[in-house]
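Work through the exercises below with the sequence and the 3D structure open. Try each task before reading its solution.

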Amino acid sequence: MLVLFAGLLFYCKTNRQAASGAGSPAAGPPAASAASGTVPVEPGEAIRLMTTEEGFEVRLVAAEPLVTAPVAMIFDARNRIWVAEMNGYMPDTLGTGEEVPNGKIVILEDRDGDGKMDKRTVFLDSLVLPRAICLIGNGILVAEPPGLWFYEIDGDRPGKRVLVDPEYAVGGNVEHQPNGLYRALDNWIYNAKSSKRYRRYGGKWVIEKTHARGQWGISQDNYGRLYTNHNSQNLIGDYFLPGFGAANPNLKSVAGFNVNVVKDTRVYPAHPTPGVNRGYMDGILDAEKRLVNFTAACGPLVYRGALFGNDYGFNAFVAEPSANLIKRNVLTDQGYVVSGRPAYPGREFLVSTDERFRPVSLYDAPDGALYVVDMYRGIIQHKTYLTPYLKGEIGLRRLTSPLSCGRIYKIVPQGAVLREKPLPEQPGDLVVSLGAPNGWIRDYAQRTIIDRQLLHTEPALRAILKESKDELKRIHAFWTLEGLGLLRSDDVTAALRDPKWTMRMQAFAAVRSVISRENHKDFLAAFGRMISGEDTLSFPYIAFQGEILSRFDQAGATALLLKLAGRSPGNRYVADAIVSSLHDREIGFGKELSGIVADTSRAIYRQLGLAAKNAENARSGRNPAQLAAMYPKGASLFGTICQTCHGADGNGVPSLAPPLNKSEWVTGHKDKLISIVLFGLSGPVEVNRHVYKAPEINGDMPGIGYDETFSNADVAQLLSYIRKLWQNNAGPVSGEEVEQVRKRFARRERPFTVEELDRL
């Protein structure tokens with residue numbers, strides 16, 4: 001399942017006790033004996049086993065039997081919580097019964113106003129591993145792999161069902177499939193582990209390509225920039241607003257997207273955690289058997305609730321279920337660059353000594369609290385990568401059961417009195433709420449005005465644009481007009497002249513909503529003036545516009561991009577933004593640029609050359625469909641296991657894995673390749689004269705040889721497929737060759753290193 005499931009089960013004390021000293025979780029209990037099993041605890045005791053940052057407390061919102069195996073939640077207009085329950089996830093270490101349709105979408109309600117949910121309504125049942133939900137208009141989006149469905153809501157019952165995307169989650173195992181369904185500031189719905197975004201216009205759904213980002217969980221800041229992470233990284237973010245830079249498939253990565261915003265990956269559990277999938281490897285655990293760095297980072301949340309105070313105004317929280325903790329990071333931005341650091345050294349915002357505390361998703365809420373979805377279970381590592389070592393740990397401490405637990409908590413300032421308030425409903429109140437301190441309320445007001453098509457609010461929204469000094473209120477009014485279809489081109493050009501950079505940023509993102517054949521010259525002129533006026537913050541955003549401007553005036557768009565390249569030839573962000581608008585026109589643009597920029601070592605030339613080379617490689621590569629006919633099982637396994645990290649084109653995915661295309665590890669010695677796929681590889685690793693290491697890639701590749709469902713013949717087909725795919729041209733692998741390597745290393749539990757492979 002989630003990102004979290006990258007490897008992670010934990011030792012816990014037999015005699016649990018709360019960590020002492022608020023805000024000092026690094027000082028925890030001594031290591032426990034591994035000889036005894038552990039038991040789940042009831043919710044009140046589970047809270048007692050948590051330690052939070054001083055000044056905060058944890059309160060229970062819901063627990064079993066009201067909710068079980070929760071993985072995602074969302075609030076509705078009545079302050080109720082809709083929850084996706086993934087009840088079928090890993091019933092045992094073999095994953096027996098994962099295909100059973102026992103997942104549910106449920107509605108939780110607090111009828112007596114005491115802050116705890118006391119009513120459960122099943123909206124949908126008989127689902128197989130549902131993983132994401134999003135309320136929109138009169139219905140709800142539900143991700144049930146492989147499809148994405150929209151259900152109309154009829155009195156808390158499902159009405160008409162529409163298939164939005166039959167390929168929402170095709171391929172990838174449970175740990176590596178799209179999720180999130182995050183309705184962002186720009187009115188599009190984005191996902192983690194996905195390169196698609198969704199939007200409904202009237203009754204029709206539109207799907208567009210965007211950057212692939214993240215693994216489990218997605219969030220945004222007040223300006224609409226998106227944040228995700230991978231299991232071994234703290235926080236990944238985009239410097240630029242979503243929807244840009246994905247138009248040129250020849251440019252594999254675009255500077256400013258998928259940036260490692262918080263590089264520090266150190267974690268500080270409150271208790272020994274030796275049961276991680278690779279706990280036996282050097283550097284994974286410290287001398288006290290506690291996890292050293294993230295191994296299951298997930299559910300990032302840029303907190304926007306306002307309840308915590310000004311010090312938490314631009315903070316990102318990240319869950320780490322393998323170490324039973326939640327980390328707090330402090331973010332800053334300068335221009336379009338965002339960076340961050342952990343809030344405090346040597347400790348965490350929240351830790352627990354209960355090994356079944358598995359925070360998987362974090363959320364803002366109507367009341368301003370930080371909500372925590374706790375799957376509360378023992379097994380969270382998926383069978384595909386489950387090592388014999390970890391199977392032994394699970395059996396030793398009887399972690400397979402129970403499977404019927406799940407909790408939702410909220411974190412609040414200590415002693416805070418939170419009374420449930422009805423959410424704004426009247427149009428005037430909704431417009432006022434666009435300026436609420438709580439970002440969740442602002443988002444809700446924007447969504448509600450759009451979903452209810454309250455077109456008569458236009459005058460009030462325009463008044464905010466012209467008169468309000470509240471920056472965030474203006475931004476939400478701007479995007480509310482866009483969502484209603486009322487935003488005009490002069491609104492956008494006016495915003496492009498705004499003295500506030502954050503408002504100009506929004507204007508760039510909205511250009512595609514209003515540009516037309518009739519007005520595109522107005523935008524060309526506006527962008528030209530910004531370049532001449534040295535509005536350097538805008539340069540990358542102007543370059544991103546080249547792709548859409550080319551639809552109306554390719555010559556004018558090219559002239560604009562040449563002018564930009566002449567002003568900033570060495571700026572990687574500008575260079576990549578320019579090249580992102582030049583699909584298959586890189587060489588011609590480079591020739592035109594030679595008369596403007598003589599130094600061919602500058603960033604713009606490097607990126608043009610890289611994209612042109614990628615295009616040539618793609619043209620000379622083999623047809624995947626033909627190879628799939630030869631190796632059908634191999635093609636299927638590649639899509640399920642390999643593609644999510646190594647990319648459909650085999651050229652690798654930033655932050656995850658190196659290339660398979662033209663890799664000497666793929667086309668070289670068969671036994672080395674078989675060993676890597678069966679047992680894994682611990683980096684760094686050199687591919688095509690480039691050394692890949694964390695954080696450029698995940699430090700370790702897990703093997704699949706521990707999953708008995710993959711036969712020797714299956715693995716042989718997979719390897720034969722990738723040895724002929726793209727620009728690879730190596731001979732096939734036989735099932736007998738796989739069997740020989742599997743037998744040779746039958747007792748092996750750890751991944752290979754490059755040095756070990758070189759000795760084969």
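Helices (H or I, at least four residues) and strands (E, at least two) are DSSP runs, numbered from the N terminus. This is a predicted model: local features need pLDDT of at least 70, side-chain atom pairs count only at pLDDT 80 or more, and totals for chains, interfaces and linings use all residues. Residues are numbered from 1 along each chain as its sequence is written, and side-chain values use heavy atoms, with hydrogens and water left out.

**Exercise 1. Two helices in contact**

Task: Describe how helix H6 and helix H8 pack: what is the angle between their axes, and within what distance do they come?

Solution. 
- Step 1. Recall the description. Two packed helices are described by the angle between their axes and the distance between the axes.
- Step 2. H6 spans residues 471-484 and H8 spans residues 501-514; their axes come within 11 Å and cross at roughly 5°.
- Step 3. Classify the angle. Under 35 degrees counts as roughly parallel, over 145 as roughly antiparallel, 65 to 115 as roughly perpendicular and the rest as oblique. H6 and H8 are therefore roughly parallel to each other.
- Step 4. List the contact (heavy atoms within 4.5 Å). H6 supplies Glu471, Arg474, Ile475, Phe478, Trp479 and Glu482. H8 supplies Thr502, Met503, Gln506, Ala507, Ala509, Ala510 and Ser513.
- Step 5. Sort by class. Ala, Val, Leu, Ile, Met, Phe, Trp, Tyr, Cys and Pro count as nonpolar, Asp, Glu, Lys and Arg as charged, and the others, Gly among them, as polar. The contact has 7 nonpolar, 3 polar and 3 charged residues.

**Exercise 2. Salt bridges**

Task: How many salt bridges are there? Inspect some of them.

Solution. 
- Step 1. Side chains of opposite charge can pair when their charged atoms come close. A salt bridge here is a side-chain nitrogen of Lys or Arg within 4 Å of a carboxyl oxygen of Asp or Glu.
- Step 2. The count is 37.
- Step 3. Glutamate 547 meets arginine 512 at 3.9 Å, N to O. Glutamate 547 lies in helix H11 (residues 546-549) and arginine 512 in H8, so the pair ties together parts 35 residues apart in sequence.
- Step 4. Glutamate 737 meets lysine 670 at 3.3 Å, N to O. Glutamate 737 sits in helix H21 (residues 735-744) and lysine 670 in helix H19 (residues 670-679), so this pair ties together parts 67 residues apart in sequence.
- Step 5. Check accessibility for one more pair, glutamate 288 and arginine 290 (3.4 Å, N to O). Buried means under 20% relative accessible area, exposed over 50%, partly exposed in between (1.4 Å probe, protein chains only). Glutamate 288 is partly exposed at 48%. Arginine 290 is buried at 5%.
- Step 6. Find a network: salt bridges link Asp76, Arg80 and Asp156.

**Exercise 3. A serine in a helix**

Task: Is serine 675 buried or exposed? Which residues does serine 675 touch?

Solution. 
- Step 1. Serine 675 is in H19.
- Step 2. Its relative accessible area is 0%, so serine 675 is buried.
- Step 3. Leave out residues up to four places away in sequence; serine 675 then touches Gly680, Val741, Phe745, Phe752, Leu757 and Leu760.

**Exercise 4. Backbone checks**

Task: Where do proline 65 and proline 146 lie? Which accessibility class does tyrosine 376 or arginine 689 fall in?

Solution. 
- Step 1. The bond from glutamate 64 to proline 65 is cis, with omega near 5°. Proline 65 lies in the loop between S2 and strand S3 (70-75).
- Step 2. Proline 145 and proline 146 are joined by a cis peptide bond, omega about 10°. Proline 146 lies in the loop between strand S8 (139-144) and strand S9 (147-153).
- Step 3. Tyrosine 376 is not a glycine, yet its phi is positive, near 40°. Tyrosine 376 is buried at 1% relative accessibility.
- Step 4. Arginine 689, also not a glycine, has a positive phi of about 65°. Arginine 689 is exposed at 77%.

How values were computed
Axes fitted to C-alpha atoms, helices over the stretch in contact; angles between N-to-C directions.
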